[in-house]
Amino acid sequence: MTAVTDPVPTYPMTRGCPFDPPAELARIRDDECPAEPGVARVRIWDGSTPWLVTRYDDVRAALADERLSADADRDGYPAASRSRRVRSRGRRRSFIMMDGPEHARHRRMLIGEFTVRRIERLRPLVEQTVTALLDAMEAGENPTDLVQAFALPLPSLVICHLLGVPYADHAFFEAQSRIMVDLTSGAEASAAASDALQDYLAGLVRERLDEPRDDVLGGMAARVAAGDLTVDEASASALLLLVAGHETTANMIALGTLTLLHHPDQLAVVRDGDAAQVRAAVEELLRVLTVTHVGRRRVATEDLEIGGVTIRAGEGVVLAAEAANRDPRQWPHPDEVDVTRGTNRHVAFGFGVHQCLGQPLARLELQIAYPALLRRFPGLRVTVPDSEIPFRDDMAVYGVHALPVAF
Ligand code: HEM
């Protein structure tokens with residue numbers, strides 16, 4: 001008897017090469033034969049079959065379409081994992097999962113903290129932090145793990161400074177955050193981790209009610225005092241900022257460095273280039289690596305059309321930015337890393353109303369971190385073959401769990 005195979009592919013798919021999205025994604029995106037190319041049903045962990053959207057133009061248009069909701073509590077929402085479904089409920093809901101005026105209200109309260117101008121004021125702090133971490137790395141063990149020595153502490157220290165979270169607690173919040181981003185975490189473990197973090201941040205907000213401070217948590221406390229925000233709402237937003245603020249950037253630093261080490265000609269541009277060349281290189285690494293690699297998740301609130309397919313109200317949609325960022329209709333030779341590409345309108349930070357709030361900060365950190373690391377250690381090399389590097393296929397944010405390097 002021949003086994004009956006499911007004609008609906010499972011998502012996320014398995015990567016072949018750790019530096020490229022799964023080949024199956026490119027097949028769906030580039031196959032011109034189906035009636036509606038670039039859009040297909042996929043099966044996710046709970047057996048449901050949301051639509052997968054893979055082409056750049058469609059993904060971008062869908063991210064800007066208000067008929068697609070980011071509300072994870074709506075029926076049909078294609079959660080990335082069981083734990084994510086449970087975790088979106090009640091007091092744990094942050095504005096990344098809200099729509100319309102409710103989302104706008106929360107986002108507006110923070111926008112002023114993350115403008116390019118405001119973030120530019122952090123440049124000296126980021127530069128000093130990078131120098132201090134590289135000094136410690138130079139004085140420490142060789143070989144070492146680049147993730148623990150540099151890639152993780154940099155964004156962690158910076159987001160702590162901005163929010164007003166004591167970095168002395170980093171082992172605690174990094175561990176809880178890791179559980180939350182782990183797609184294989186049990187629902188209870190994940191909810192417990194987010195509760196623990198939220199209680200911790202609520203405590204810091206309450207401290208500021210008595211003793212005002214000039215940091216993001218202090219700003220939130222002032223709004224709580226004015227009756228514009230509850231402590232739970234404030235701590236849910238703070239949790240989003242703390243987790244999003246270090247996981248993503250840390251993985252971009254480590255995976256981006258590994259990518260550059262595989263492309264010495266490109267590495268030389270980042271190491272020796274001027275500010276404009278470094279800026280362009282960072283955008284290219286964001287595009288090719290797209291570390292938020294399990295799609296933007298949405299659910300249709302009305303019937304709508306994407307790429308010629310009619311999506312019915314209540315159906316789930318996964319917008320595969322990782323496929324869109326390699327769309328050959330948008331970039332020539334999209335699978336090649338070319339840090340000298342000109343315009344680079346990637347969707348690594350998303351697009352539309354939920355577009356990454358922290359992107360000026362992520363850019364600042366990456367633009368300082370890569371060249372500083374490569375200039376300090378011209379002989380930097382990975383000490384193991386790629387097959388021995390623990391890639392983060394199991395996490396909502398892709399990258400490496402560890403990166404053994406010698407310098
Ligand atoms: C949203 C990626 C760094 C805070 C997003 C989204 C993406 C993303 C793709 C859109 C989510 C969606 O549409 O569903 C990244 C990447 C980063 C990064 C690749 C680093 C390289 C940061 C940093 C912070 C941050 C440093 C905070 C300081 C946020 C917040 C949202 C968000 C608050 C939600 C915005 C909203 O819903 O209105 N990020 N992010 N991110 N990001 Fe980032």
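In what order do the 3 strands of the open sheet stand, and how are they paired? In this predicted model, the order is S4-S10-S9, and the pairing is antiparallel. As background, strands of a sheet pair through backbone hydrogen bonds, either parallel or antiparallel. Strand S4 (144–145) and strand S9 (381–382) are found at the edges; each has a single partner strand, so one side of each is left without a neighbour in the sheet. Between S4 and strand S10, which spans residues 404–406, there are 2 bridges, and these two strands run antiparallel. Within this pairing, aspartate 145 has proline 404 of S10 opposite to it.

The stretch leading into S4 also deserves a look. Proline 143 belongs to the loop between helix H6 (123–139) and S4, and the peptide bond that joins asparagine 142 to proline 143 is cis, with omega at about 5°. A cis peptide bond also joins tyrosine 11 and proline 12, here with omega at about 0°. Proline 12 is located in the segment before helix H1 (23–30). For context, most residues other than glycine have a negative phi, and most peptide bonds are trans. Threonine 290 is not a glycine, and yet has a positive phi of about 30°; this threonine sits in the loop between H14 and strand S5 (296–300).

Turning to the ligand, the shell around it consists of 24 residues, and Gly245, Thr248, Gly350, Cys356 and Gly358 are the closest. Two or more residues of this shell come from each of helix H12 (231–262) and helix H16 (359–376). The top contributor is H12, which gives 7 residues to the shell. Sorted by class, the residues around the ligand comprise 15 nonpolar, 7 polar and 2 charged ones.

Both of these helices also take part in helix packing. Two packed helices are described by the angle between their axes and the distance between the axes. For H12, the partner is helix H11 (residues 216–225): the two pack at an angle of about 160°, and their axes are 9 Å apart. With this angle over 145 degrees, H11 is therefore roughly antiparallel to H12. The crossing of H11 past H12 is right-handed. On the H11 side, the contact is made by Val216, Leu217, Met220 and Val224, while H12 brings in Val231, Ala234, Ser237, Ala238 and Leu241. This contact of H11 with H12 has 8 nonpolar residues and 1 polar residue, with no charged ones.

H16, for its part, packs with helix H14 (residues 275–289) at an angle of about 110°, and the axes of the two helices are 10 Å apart. This angle makes H14 roughly perpendicular to H16. Here too the handedness can be stated: H14 passes H16 in a right-handed crossing. From H14, the residues that make the contact are Val278, Arg279 and Val282; from H16, they are Arg363, Leu366, Gln367, Tyr370 and Pro371. Divided by class, the contact of H14 with H16 holds 5 nonpolar residues, 1 polar residue and 2 charged residues.

Note on methods
Residues are numbered from 1 along each chain as its sequence is written. This is a predicted model: local features need pLDDT of at least 70, side-chain atom pairs count only at pLDDT 80 or more; totals for chains, interfaces and linings use all residues. A residue is near a molecule or strand if its C-beta atom, placed from the backbone, lies within 6 Å of it. Helices (H or I, at least four residues) and strands (E, at least two) are DSSP runs, numbered from the N terminus. Ala, Val, Leu, Ile, Met, Phe, Trp, Tyr, Cys and Pro count as nonpolar, Asp, Glu, Lys and Arg as charged, and the others, Gly among them, as polar. Two strands pair if DSSP finds at least two bridges between them. Axes are lines fitted to C-alpha atoms, for helices over the stretch in contact, and angles run from 0 to 180 degrees between N-to-C directions. Angles under 35 degrees count as roughly parallel, over 145 as roughly antiparallel, 65 to 115 as roughly perpendicular and the rest as oblique. A crossing is left-handed if the near helix is turned anticlockwise from the far one by less than a right angle, and right-handed if clockwise. Two residues are in contact if their C-beta atoms, placed from the backbone, lie within 7 Å.
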